[in-house]
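Subject: Handover of a structure

Dear colleague,

Please find below the sequence and structure that I am handing over to you.

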Amino acid sequence: QYGGTFRDMNVFVDDDGRAYVFYASEGNWTMYVVRLNADYTGPELPTVENKTWARLLVRKMREAPAPFKANGRYYLITSACTGWTPNAANYSTAENILGPWKTFANPCVGTNADTTFGTQSTFVLPAPNQPDKFIFMADQWKPRDLSDSRYVWLPFMVQTNGSFTIEWRDHWDFSVFKSKQ
């Protein structure tokens with residue numbers, strides 16, 4: 001049950017206070033989502049497939065789940081499994097956190113978008129007091145010197161039609177959200 005392995009995980013707390021853990025499993029072949037108990041210390045019991053947990057992105061070899069919610073829709077940015085080598089992100093959406101999920105192409109645009117700007121998704125942070133505006137947080141691994149690995153934070157906004165793009169910015173501040181109303 002729950003796929004056996006528990007790799008590349010992330011926790012998401014929904015609007016109703018329920019928490020879910022997303023993680024790569026089945027040797028990274030499949031993504032799982034499991035609703036946590038009220039204390040967030042384990043799975044909600046009793047466990048029932050497609051009621052308290054589900055298999056997502058089955059046989060898609062995705063990792064580095066970065067879940068978030070906008071306009072009542074769930075989103076999940078993920079990375080392909082290429083070791084320390086950066087690759088193109090993609091994202092999936094669902095009306096229900098347990099699915100079904102529909103996958104879309106890389107949301108990154110511009111130079112180095114095909115490697116998610118040399119990074120791998122790690123978290124999506126809602127911008128404070130700015131609905132449907134977010135900060136994409138990503139790991140920029142340095143395999144030969146892991147202690148010198150860095151983070152990249154990039155702003156983005158989910159449009160009313162549910163689409164979004166993430167573009168590279170050398171510098172930014174929260175005023176970027178005001179210019180994209």
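Strands β5 and β6 (residues 73–80) pair in the antiparallel sense over seven bridges. Strands here are DSSP runs (E, at least two residues), numbered from the N terminus, and two strands pair if DSSP finds at least two bridges between them.

Before going further, please note that this is a predicted model, in which local features need pLDDT of at least 70 and side-chain atom pairs count only at pLDDT 80 or more, while totals for chains, interfaces and linings use all residues. Residues are numbered from 1 along each chain as its sequence is written, and side-chain values use heavy atoms, with hydrogens and water left out.

The hairpin of β5 and β6 has two residues between its strands, and Asn-71 takes a positive phi near 50° there. Ala-70 stands opposite Arg-73 in β6. Strand β5 (residues 62–70) is mostly covered, with eight of its nine residues buried. Buried means under 20% relative accessible area, exposed means over 50%, and partly exposed lies in between (1.4 Å probe, protein chains only).

The aromatic residues come next. A search of the whole structure finds 20 aromatic pairs. Rings of Phe, Tyr and Trp (its six-membered ring) pair if their centres lie within 6.5 Å; planes under 30 degrees apart count as stacked, over 60 as edge-to-face and the rest as tilted. Phe-68 counts as buried because its relative accessibility is 2%, and Phe-164 counts as buried because its value is 5%.

Ring pairs link Phe-68, Tyr-75, Tyr-91, Phe-104, Phe-134, Phe-156 and Phe-164 into a cluster.

An open sheet of three strands has the order β10-β11-β12, with antiparallel pairing. Its edge strands are β10 (120–126) and β12, each of which pairs on one side only. Strand β11 (residues 133–140) pairs with β12 over eight bridges, and Gln-140 stands opposite Arg-150 in β12.

A cis peptide bond joins Leu-45 and Pro-46, with omega about -5°; Pro-46 is in the loop between β3 (30–35) and β4 (53–56). The peptide bond from Gly-99 to Pro-100 is also cis, with omega near 10°, and Pro-100 is in the loop between β7 (90–94) and β8 (102–104).

Which value does phi of Asn-28 take? It is near 75°, a positive value in a residue other than glycine. Asn-28 lies in the loop between β2 (19–25) and β3, and it counts as buried because its relative accessible area is 9%. Leu-57 has a positive phi of about 45° although it is not a glycine; this residue lies in the loop between β4 and β5.

Yours sincerely

Note on methods. Helix = DSSP H or I, 4+ residues; strand = E, 2+ residues; numbered from the N terminus.
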